[in-house]
Each structure stands twice: as C-alpha cells, then as structure tokens.
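Dear colleague,

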Amino acid sequence: QRLGRGVAMLQGLLRLLTLAQRLGRGAELHRLTVSRKFSAGMEEEAKQKAGYMAVDNHVQNNQALGIGSGSTVVYAVERLAKRVQDENLKVVCVPSSFQARQLILQHNLHLSDLDRHPELDVAIDGADEVDCNLNLIKGGGGCLTQEKIIAACAKTFIVIADYRKDSKSLGEKWKKGVPIEVIPMASVPVTRAIVAKYGGNAALRMAVSKAGPVVTDNGNLILDWKFSNISNWKDVNVGIKMIPGVVETGLFINMVERVYFGMKDGTVCSRDRPSH
C-alpha cells in the first residue's frame with residue numbers, strides 16, 4: 001500500500017510539473033505574442049506618421065498630385081482627404097494603379113489623369129527598397145511602369161516607407177529581385193539576355209490566386225531578376241531597358257527628392273537625395 005501511495009504521489013507530482021511547464025510556455029508565448037503585436041502596432045503608427053508628414057510638408061492648394069501604391073500610401077491618401085475637408089484644398093489626383101484609383105474614389109478626392117494633367121506638382125509613392133543614394137527598387141505590387149511614369153511627370157517625387165526598406169545598397173534587404181515588365185512574347189528572350197549580360201537569375205512572376213503568371217494592368221508579364229555584385233545601377237537600368245521586349249524596370253534611379261521613413265520606435269526620419 002505504501003508503495004502504491006508513493007507511486008501515486010510521484011505521478012501527481014509529475015502531472016503538476018508538466019502543468020507548470022505548460023503554463024510557463026503559455027505565458028512565454030503570450031508575452032511574445034503581445035510583444036509582436038505591440039511592435040507591429042508601432043510600425044503601423046510610424047508608417048502613418050510618415051504618410052501624414054509627407055502630405056503636410058509637400059501638398060499645397062491648387063496642385064496636381066500623383067498618387068502611388070502600397071500600404072504606406074493608404075495613410076497619405078487618408079491624410080490628404082482630411083486636409084481637403086478641413087482646409088478646403090483644391091487638388092486633383094492622378095493614380096498610378098487600380099489600387100490608387102480606388103483609394104482616390106473612396107476618399108471622394110478629385111480623380112484626374114495625365115491627359116488632363118501631364119505635369120504634376122508632387123508625386124507620393126512607396127518603395128520596396130531604398131539605398132543610401134535614394135535609388136529605389138519598386139514593382140513588388142506589379143505597377144512599376146505606371147508608377148515610374150507618374151514619378152517622371154512630377155516636379156517633386158516623394159517616397160514614404162518603413163525602416164525595413166532602408167538599405168545601404170540595393171538587394172541588401174529586398175531579396176525578391178528587380179521587377180521588369182516585359183511584352184509577353186519576349187519573356188524568354190529577355191530572361192536569357194539579362195542573365196547573359198548581368199548574371200543572376202530572372203524568373204517569370206507567377207500568380208497566387210490564379211493559374212499562370214501575374215499579368216500587369218497593361219496586359220504584360222513581370223520578370224523578377226535576382227542579381228549579385230551590381231554597383232552601377234544607372235548603366236544597368238539603361239542596359240536592361242534597351243533589350244527589345246522590355247517595357248520598364250523597377251529601378252528608380254536619381255528620381256527621388258526625399259524619403260520619409262517610419263521608424264521602429266514610432267518616430268519618422270527623412271533623408272534627401274545626395275547632391276553630387
């Protein structure tokens with residue numbers, strides 16, 4: 001009997017120990033979850049502040065504005081709509097994508113296009129990566145051609161991003177490659193030409209919720225070129241664009257005036273393009 005009671009007590013102690021361990025792991029998991037949610041909340045707040053600051057510092061009455069794409073631009077449009085309502089600003093908005101067009105309409109802003117406003121005062125957009133010279137990789141969302149057209153038509157091109165997009169050199173953090181929009185029939189020849197000339201690997205971007213490749217708003221395809229050991233991005237950008245069948249690249253070289261970064265701690269820092 002004593003032996004039986006001893007075994008039962010030991011089993012009870014083991015159950016209590018197991019329960020304590022589970023509770024400890026649960027508490028630790030809860031702390032990690034809360035920490036991640038807090039961090040994510042701070043990052044979103046920083047993106048919002050960056051979007052708001054860009055609009056407050058660069059948008060004035062009677063301007064034609066280019067509206068880019070991406071999660072950070074949502075906050076810029078939100079702030080723009082508030083200022084239009086509060087200050088009775090007269091502005092027109094030219095979208096760079098279907099998403100941007102929907103944002104403009106949802107916020108009851110004046111929608112226009114480049115036929116009516118071929119010269120824009122300010123364009124505000126996001127980026128997938130920004131290097132130390134404010135060169136960009138864009139096109140993760142597939143709208144690189146329209147975004148570059150809008151940026152090129154603007155007197156001032158402003159970018160808003162979170163701290164994760166800030167790199168010393170392109171490719172340091174963004175690992176998905178440079179998006180390149182191509183005419184469908186030229187996708188294979190362009191792929192071969194890029195790899196032969198610049199190395200790396202170029203792959204056709206495949207869709208997630210449909211069978212087959214991603215198709216741009218222009219009816220074209222996208223190659224994602226993963227590169228290595230590239231430094232002279234201006235020459236590379238021109239060289240790729242000269243390949244027959246290439247519509248546009250996601251390299252935005254010497255186009256940005258200022259970038260606003262939403263930082264991890266909820267603050268915003270800005271950086272201007274270096275003068276050479």
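**Lining of the largest pocket**

The lining of the largest pocket divides into 7 nonpolar, 10 polar and 10 charged residues, where Ala, Val, Leu, Ile, Met, Phe, Trp, Tyr, Cys and Pro count as nonpolar, Asp, Glu, Lys and Arg as charged, and the others, Gly among them, as polar. Before going further, please note that this is a predicted model, in which local features need pLDDT of at least 70 and side-chain atom pairs count only at pLDDT 80 or more, while totals for chains, interfaces and linings use all residues. Residues are numbered from 1 along each chain as its sequence is written, and side-chain values use heavy atoms, with hydrogens and water left out.

On a 1 Å grid over the protein atoms alone, a pocket is an open set of points with protein on both sides within 12 Å along at least five of seven lines, a cavity is a set where a 1.4 Å probe fits but cannot get out, and lining residues have an atom within 4 Å of a point. Grid points are joined across faces, edges and corners, and a volume is the space filled by probe spheres set on the points.

The largest pocket holds about 340 Å³ of space, and of its 27 lining residues, Gly70, Ala127, Asp128, Gly140 and Gly141 lie nearest its centre. Both α2 (71-87) and β6 (154-162) supply at least two residues of this lining, helices (H or I, at least four residues) and strands (E, at least two) being DSSP runs numbered from the N terminus.

By the cavity rule there is 1 cavity of 30 Å³ or more, and the largest cavity has a volume of about 70 Å³. Its lining divides into 10 nonpolar residues, 1 polar and no charged, and the largest share, 4 residues, comes from α2. Residues lining this cavity include Val55, Val59, Leu65, Gly66 and Ile124.

As for the sheet, 6 strands form an open arrangement in the order β2-β1-β3-β6-β12-β13, with mixed pairing, two strands being paired if DSSP finds at least two bridges between them. The edge strands, each pairing on one side only, are β2 (91-95) and β13 (268-272). β6, which also contributes to the pocket lining, pairs with β12 (residues 258-262) in the parallel sense over 5 bridges, and Ile158 stands opposite Arg258 in β12.

With best regards
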